Amino acid sequence: MNAKQVIEDLEKRFPNEPAYIQAVSQVLGSIEDVYNEYPAFEKMNLIERLCIPDRVISFRVTWVDDRGNVQTNMGYRVQHNNVLGPYKGGIRFHESVNLGILKFLAFEQTFKNSLTTLPMGGAKGGSDFSPRGKSNAEVMRFCQAFMSELYRHIGPDEDVPAGDIGVGGREVAYMFGWYKKLTHQWSGVLTGKGLEFGGSLIRPEATGYGNVYFLQNMLSTRGIELAGKTVLVSGSGNVAQYTIEKCLELGAKVVTCSDSDGYIYDPDGITREKLDYIMELKNEERGRIREYAEKYGCKYVGGGAKPWTEKADIALPSATQNEINEEAAKALVANGVIAVSEGANMPTTPEAIKVFQDAKILYSPGKAANAGGVAVSGLEMSQNSERLSWTREEVDQMLHRIMNDIHDNCVKYGTEEDGYINYVKGANIAGFLKVAKAMMAQGIY
Ligand SMILES: NC(=O)C1=CN([C@@H]2O[C@H](COP(=O)(O)OP(=O)(O)OC[C@H]3O[C@@H](n4cnc5c(N)ncnc54)[C@H](OP(=O)(O)O)[C@@H]3O)[C@@H](O)[C@H]2O)C=CC1
Ligand SMILES: O=C(O)CCC(=O)C(=O)O
């Protein structure tokens with residue numbers, strides 16, 4: 001494979017999908033040498049078959065708002081690769097959703113799911129519908145309309161969606177209810193369900209907790225403890241909330257969080273009580289993070305500002321893609337950051353990654369660091385199949401073990417001659433090899 005050539009060809013075929021090209025470029029750049037050690041891969045045109053999704057489903061979603069107006073949105077499911085198991089990956093509801101973004105997410109998901117060691121293929125779906133500012137009744141009608149099309153393409157052994165940006169427990173429950181209504185079947189067709197109807201303990205916490213477990217592993221390679229460190233978190237949704245919770249439990253001080261309007265900086269640190277307030281504000285009242293600053297009298301920076309210019313030891317981006325650019329990365333490094341671990345998917349631009357790696361700081365990509373969420377989704381699938389529920393301790397222990405194993409694999413495949421652990425390379429090679437070998441074994445189709 002000539003990675004540059006493959007990327008140029010993909011750019012020509014998919015000229016309007018920059019996020020997809022960005023994700024593919026990062027992976028191909030890391031795996032090129034290993035790929036070329038296996039001439040059989042090239043003979044089977046493995047790389048093209050791995051980069052281009054198995055299937056892209058798109059549909060119109062029509063629903064009625066509270067004023068009686070008929071609204072339309074686009075709906076998608078990108079089923080990227082199922083050699084390792086049923087297609088698996090979240091659903092995103094956000095006005096920025098388009099096919100290119102979902103293709104990048106589904107591509108990443110394939111390698112992430114491979115890293116978890118659980119039998120899951122990669123997929124992602126979503127809509128350009130935003131739940132922000134909508135009533136519960138509108139969100140329910142939208143979820144039902146979305147599922148009215150999607151249900152034909154999913155199933156517990158076929159494709160198992162879950163949450164992502166704009167899709168939390170409320171949306172998963174509405175979609176689950178409608179799937180059941182349409183199919184007359186109760187099955188583990190979605191993960192992230194409520195605990196009362198087949199959800200797994202620790203699934204809401206898993207992405208944030210898993211990222212912090214991964215961070216602890218990274219820090220331990222340099223003999224550093226998390227306790228006492230100052231942490232920047234972006235976002236204030238599912239991943240951010242449980243990242244903050246685990247940091248607090250482990251004695252770190254989190255001084256920022258954000259939403260798409262701006263960020264708060266609380267030099268005293270977000271306490272348990274303040275985190276409870278954020279959870280209530282975001283999950284129940286669906287308010288804005290600026291209200292935290294009003295309540296606790298701390299700094300708020302609006303205009304869509306991001307927290308990366310604040311001084312801290314650790315940064316845990318947990319909002320969205322490309323939220324750390326080169327300038328932000330330089331500011332973090334200049335302020336002495338020692339580790340950046342991605343709760344979000346692809347939050348760091350390629351230029352910013354280079355800044356971190358040139359500075360030899362600890363830097364882990366989302367496909368490794370945030371894999372805890374989908375891993376516990378995999379455990380939810382197992383529990384649904386068994387018709388059993390495991391305890392909080394059992395699931396947390398498994399999550400911990402999975403994150404440790406992913407870290408070990410990154411070290412195995414990513415350690416460079418000077419001893420620096422290139423987690424991007426390690427995660428990409430480890431994730432790729434398993435998928436590639438399974439594709440080779442299963443033939444050409
Ligand atoms: N949920 C999960 O289990 C997993 C999620 N992830 C990734 O983690 C990230 C966060 O997801 P999650 O917490 O579930 O989503 P939520 O919808 O719960 O929260 C998203 C947060 O990010 C903010 N945000 C979204 N878009 C932007 C933007 N363009 N600019 C600035 N802020 C933005 C939101 O602010 P606002 O409310 O203003 O929109 C909100 O605070 C995503 O990258 C997702 O793909 C990765 C693995 C698993
Ligand atoms: O739990 C899942 O299936 C999906 C989680 C997800 O969307 C992700 O890992 O990015």
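Student: Leaving aside neighbours within four places in sequence, which residues are in contact with Val231?
Tutor: The model is a predicted one, in which local features need pLDDT of at least 70, side-chain atom pairs count only at pLDDT 80 or more, and totals for chains, interfaces and linings use all residues. Residues are numbered from 1 along each chain as its sequence is written, and chains are lettered from A and ligands numbered from 1 in the order in which they are written. Two residues are in contact if their C-beta atoms, placed from the backbone, lie within 7 Å. With neighbours within four places in sequence set aside, the contacts of Val231 are Cys247, Ala252, Lys253, Val254, Ala312, Ile314 and Leu316.

Student: How many residues does the largest nonpolar core have?
Tutor: A nonpolar core is a set of buried Ala, Val, Leu, Ile, Met, Phe, Trp, Tyr and Cys residues joined through C-beta atoms within 7 Å. A residue is buried if 20 or more other C-beta atoms lie within 10 Å of its own, exposed if 12 or fewer, and partly exposed in between, with C-beta atoms placed from the backbone. Val231 is among the residues with the most contacts inside the largest core, as are Val24 and Cys257, and the core's residue count is 104.

Student: Which helix gives the largest share of this core?
Tutor: Helices (H or I, at least four residues) and strands (E, at least two) are DSSP runs, numbered from the N terminus. The largest share is 9 residues, and these come from helix α2 (residues 18–36).

Student: From which domains does this core draw at least three residues each?
Tutor: Domain bounds come from an automatic or database domain assignment. At least three core residues come from each of domain 1 (3–186) and domain 2 (205–364).

Student: What distance separates the centres of domain 1 and domain 2?
Tutor: The centres are taken over C-alpha atoms. On that basis, the separation of domain 1 and domain 2 is 26 Å.

Student: Which element gives the most to the side of domain 1 that touches domain 2?
Tutor: The contact takes 9 residues from domain 1 and 6 residues from domain 2. On the side of domain 1, α2 and α5 (99–115) each supply at least two residues. With 4 residues, the element that gives the most is α2.

Student: How many residues of the shell around ligand 1 are polar?
Tutor: A residue is near a molecule if its C-beta atom, placed from the backbone, lies within 6 Å of it. Ala, Val, Leu, Ile, Met, Phe, Trp, Tyr, Cys and Pro count as nonpolar, Asp, Glu, Lys and Arg as charged, and the others, Gly among them, as polar. Of the 23 residues around ligand 1, Gly237, Asp259, Ser260, Ala344 and Gly373 come nearest. The shell holds 5 nonpolar and 3 charged residues, and its polar residues number 15.

Student: In which loop is Asp164 placed?
Tutor: Asp164 is one of the residues surrounding ligand 2. Asp164 counts as buried because 28 other C-beta atoms lie within 10 Å. Its place is the loop between β5 (159–162) and α7 (169–183).

Student: Is Lys124 buried or exposed?
Tutor: An unreviewed UniProt entry lists Lys124 for "active site"; UniProt positions are given in the numbering used here, feature names are shortened, and annotations may be inferred rather than shown by experiment. Lys124 is in strand β4 (residues 122–127). Because Lys124 has 31 C-beta neighbours inside 10 Å, it counts as buried.
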